Amino acid sequence: MYLNCRTYFSLRYGTYSTEELVNTAADHGIHVLALTNINCTCDSWDFVNFCQQKDIKPVVGVEIRNEDTLLYMLLAKNNQGFASINEFLSYHLQQKKNFPGHAAEYFQNNRDVYIIYPFDRKSAADLLPDEYIGILASELNKLFGTDWKKYEHKLVVRQPVTFQNKQYFNLHRLLRAIHKNTLLSKLPVEAQASPDETFVSPAALLEQFRQFPAIVTNTYKLLDTCRIEMDFKVDKNKKCFSATVEDDRVLLEKLATEGLIARYGRKNKVAHERMQKELKIINDLGFNSYFLINWDMIRYAQSRGFYYVGRGSGANSIVAYCLRITDVDPIELNLYFERFLNPERTSPPDFDIDFSWTDRDDIMDYIFKRYGRKHVALLGSYTTFQHDAIIMELGKVFGLPVEEIKSLQRASQPGDKIQRLIMQYGRLMKNFPNNISIHPCGMLVTEKPIYEYAALFMPPKGFATTQMDMFVAENIGINKFDVLSQRGLGHIKESLRLIKANRGIDVNIHDFQNFRHNTAIKDQIRGAQTIGCFYIESPAMRQLLKKLRCDDYITLVAASSIIRPGVAQSGMMREYITRFHNREKIVYLHPLFEEHLSETFGVMVFQEDVIKIAHYFAGLSLGEADILRRAMSGKYRSSNKFKHVKDKYLSNCRELGHSDELAHEVWRQMESFAGYSFNKAHSASFAVESYMSLYLKTFFPKEFMVAVINNFGGFYSTELYFIELMKAGGIIHAPCINNSEVYTSIRGDEVYTGFVHIKALQENSMQQIMEERKTGGAFLHLQDFIERTHIGLEQLNILVSVGAFRFTGKTKKQLLWEANFLQKKNKAHIPVSESLFVEKPVEFSLPVLTDNAVDDLYDQKEILGFTLSNPFAMVDADTDNYVPAREIGNHLHQVITVLVYFIASKHVQTKNNDIMFFGTFIDKDLDWVDTVHFPDTARNYPLHSGGFYKLTGRVVDDFGVFSIEARKTIKVGFKKRSYDTLK
């Protein structure tokens, strides 16, 4: 009888979680339950899974609405019916069309779907064979006085289930107000559910329909004919890349063998044996097509000249290395094979393949076209309500002013009744799904049409995306392909283009073996001169490189993992650095640590190390050890698996004679790394890309920094990359209408800032300048520019103020006078470039108007967001009165004062829930100053914004890296503008 149940995946409507809905049904003794979320089948398979666990027969479907208007429910008689429902839903969601008022036309040749209309939505006389009318208990009185007996066989019980009780009804109303973006007091009645949409007990429901037993019987019969099946253990991915499974095996072996010869030669017995071992396990586990699809993706990328980096656990594989999916040699790095694949693993290894952000959409489009749109989709995800968003949304619904809402977000206790209600209902709705979104990188390629598993929607990206997320997909046996984008590869691609254009040099960026042994690159890493380089430019990473005195590939691989969050907090990063420098004093936690972790000095640096210790120290099987790692990494939504493996770990440790103290310490170390560390192959792949960036930065620093600037990606703001370009010897010019491009360009050492950095310059203005310059040549003077481009006065004034007309030899103030006059006179005047006769520009008789250097810097800062020269030209202080960064080490343990310019800060919460932060600054010589601001200092001297600071503190040394423990930070102002221009 419960054929219209909703969960909180009826977004901003239902309040039941999927599991709670099923558990409640079980508590009521219900044996058949139908899930019909509004325009959504997100959690259908979770629902089926939970029902199977409770011996409840699941029925799946959807409730179709246009805004607040309920049209009908669709129930799947079987799996084909569910696919038809998903296809119907997908069509309208992707086309952004309203659903039809009657569904019969769409389903007229489909006998696998029931259509149930609400009362009064469709005449009983017009119903087709699989159409019914669902009637509420409150609507039974409407039957009297009609000839309903004639259509009695078409009536079924409809008892919507939306919320648990009165309190959750209130929450439902709040969710509806959030959805409508309206005050709760103004929420329309038609936008909310009836208060009685709760789980009425079967006995009570039968009592309500006591006089209409035929309607009850109809309902039972209808539900009895519905059956949905799902074998959660069967692989649903595309089974064959070629014609057959055997053909896939033969093809993969052929490609791997050819790649083995290219990578290792013909006589490497170790490599050959490992490849054969891998191929057998890949074939036994049915992963041949998975490898071949990834290979095909790479082959297409290579054909298009796209740069890529293959990483993830799949990079532990020699087969992946031979197929050139990755560039990480698993033999050289002694990569742990079982992290990649082991006989107990049921899901394929991860291949995270990074492409440039400019190329990824092309790769995705290829996959859709290569394997067919009925079998390919992007993977969905859900954003959930969390603290700040909850407070903001509920605050608006209750009509609080923004200032009060923001204050409540930071408050530990509510201040009045309204605030208490916000906190009370906020706790109830925490983790509710808020919106269906898109997974950052996941793609699905299925053997059967994707509609058999999920409905699709169309995000702005323009690729069909499933309503189900990665957890549901993996649970039903569909594994994602990870197609990622990153700016680092964009830097590399753009660098190579600029180097070729500017210097005529073709760079072999894949010459990694030479890069890693290059002396200049070693010096670059050791000195942490890594700004702009992928993954190794952040302040924390640069400090770590200095502390490790890193100048080799292996150390960089380890650094890529131990820098991850959680590792530093557990103290294990510091322990690793200490052991790195004091290898003869290492005391291993247990002899097995020395045996299996000697390469990393007894510290679990990589995910493989966690698996090794769980396997050898605690006696877990490799499959159990991998489940433990995945559980610690948050790969499972349920804590059941995590708890089970932890109990098994502790039990095994006791059986093996390990003390509880030792077992818990090993567990603590595993937990600190497993949740955040990389697998070794992943770190190695990152390190390879880092070396590519390092090579370009070392030997082509100006082109490299221009590429970083043009890709708008990196840890820091664009300002710092211009500063770094300046340090590299680039002669930086402000935007110029005759020399600048849309993006920043370089000719020799001369760099012209791109128009794109002018914040208020409209895109059509940029294009107009570029097109007119291409067709009509360089602009002759201001009048010529105005007549040819017809750019508006506001846009023109911006260009003048940033100095884009300095080629005229006139001051900006003169040009602003002329621009305003010429704009008014620019009617049907023939431009100089189109005239048969050369006309002189209009001459103006003006007083002497001069520009001021500080004013020019202010103009740049206001228009670009930063200056194009040393920022200290603007500081209102004598820079010679402060200790320069290069001399900080000479004042160890002393209190000094420095004058610095803010670059970045990182806030950290202490164990006592206090806030402290780490600061990154530069001084007048553009050298780095790193600072630590403990809670008292952070509280008393907060960093209000960017700009200049006079910072006083004690110089400390940590493994040879100097920083200042700040005691006082005082904001220092900018020089004043000069408006005295008339002489």
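Two strands count as paired if DSSP finds at least two bridges between them. Helices (H or I, at least four residues) and strands (E, at least two) are DSSP runs, numbered from the N terminus. The model is predicted: local features need pLDDT of at least 70, side-chain atom pairs count only at pLDDT 80 or more, and totals for chains, interfaces and linings use all residues. Residues are numbered from 1 along each chain as its sequence is written, and side-chain values use heavy atoms, with hydrogens and water left out.

In the sheet, Ile746 lies opposite Val751 of strand 16. Strands 15 and 16 run antiparallel and are joined by 3 bridges. The sheet is open, with 3 strands in the order 14-16-15 and mixed pairing. Strands 14 and 15 are at the edges with a single partner strand each, so one side of each has no neighbour in the sheet. From one strand to the next, the twist averages 25°.

| Strand | Residues |
|---|---|
| Strand 14 | 731–733 |
| Strand 15 | 745–747 |
| Strand 16 | 750–752 |

Helix 8 (residues 245–264) packs on helix 10 (residues 288–303) at about 55°, with the axes 9 Å apart. Axes are lines fitted to C-alpha atoms, for helices over the stretch in contact, and angles run from 0 to 180 degrees between N-to-C directions. Helix 8 is therefore oblique to helix 10; angles under 35 degrees count as roughly parallel, over 145 as roughly antiparallel, 65 to 115 as roughly perpendicular and the rest as oblique. Residues in contact (heavy atoms within 4.5 Å) include Leu251 and Leu255 of helix 8, and Phe291 and Trp295 of helix 10.
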